[in-house]
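Open the model in your viewer and switch to a cartoon view.

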Amino acid sequence: MKKLLVILTLVFISTSLMAIDEGDFIKTKDGTFFFLKVKNTIAANFIGVKSNGEKVKFNRYDVIGYCKDGEQFEKMPVYKNNVLIGEEDFMKVVCYRNGMKLYEYEYQSGNTGKESRRYYVFKDDKFVVEMDYVNRETLTAFFDAK
């Protein structure tokens, strides 16, 4: 478990360092809009702040992806135990390799009320597998390979 956390932390740091130079953006079906800063509001909307201070508001339902403070998020379908539960939510892109992406999904557990995490692998927009105790070592090795 500790080894996985160390590897994922290193991946997060390296991904963040690579993305810092590109700036923040909001992606909708109409295109990608670049901003000096992206904010999430309490009303579940996004606000992009341009370099001249102008603010542009986006409805959460129209946004399909965004980058904030060097971390990239994409709206993806949510699975539980490899079964689609019929919801979509924003997931952080942890890393990618050979057309596959590893996503981190943070959510509030309905049973315990605590913040929890799940990790998913998608190829393009198609679900491949949820990371669990059985496949964690193999998936970590795959995404960590150089």
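Two strands count as paired if DSSP finds at least two bridges between them. Strands of a sheet pair through backbone hydrogen bonds, either parallel or antiparallel. Keep in mind that this is a predicted model.

**Stop 1: the sheet.** Select strands E3, E4 and E5. These three strands form an open sheet, in the order E3-E4-E5. Their pairing is antiparallel.

**Stop 2: the edges.** Now colour residues 37–40, strand E3, and residues 55–59, strand E5. Both strands stand at the edges of the sheet. Each has a single partner strand, so one side of each is left without a neighbour in the sheet. Turn the view to follow the twist, which averages 20 degrees from one strand to the next.

**Stop 3: one pair.** Select residues 45–49, strand E4, and keep E5 on screen. How many bridges join E4 and E5? There are five, and the two strands pair in the antiparallel sense. Zoom in on Asn 45. The bridge partner of Asn 45 in E5 is Asn 59.

**Stop 4: the whole chain.** Zoom out and show everything. The chain has two helices and 11 strands. Trace the elements from the N terminus: they run α-β-β-β-β-β-β-β-β-β-β-β-α.

**Stop 5: surface and contacts.** The accessible surface of the chain comes to about 9700 Å². Carbon and sulfur atoms hold 53% of that area. Of the 146 residues, 39% count as buried. Finish with the contacts whose separation is 6 or more: residues 24 or more positions apart account for 37% of them.

Conventions
Residues are numbered from 1 along each chain as its sequence is written. This is a predicted model: local features need pLDDT of at least 70, side-chain atom pairs count only at pLDDT 80 or more; totals for chains, interfaces and linings use all residues. Side-chain values use heavy atoms; hydrogens and water are left out. Helices (H or I, at least four residues) and strands (E, at least two) are DSSP runs, numbered from the N terminus. Axes are lines fitted to C-alpha atoms, for helices over the stretch in contact, and angles run from 0 to 180 degrees between N-to-C directions. Buried means under 20% relative accessible area, exposed over 50%, partly exposed in between (1.4 Å probe, protein chains only). Contact means heavy atoms within 4.5 Å. Accessible areas come from the Shrake-Rupley method with a 1.4 Å probe; for residues, only the protein chains shown count as cover.
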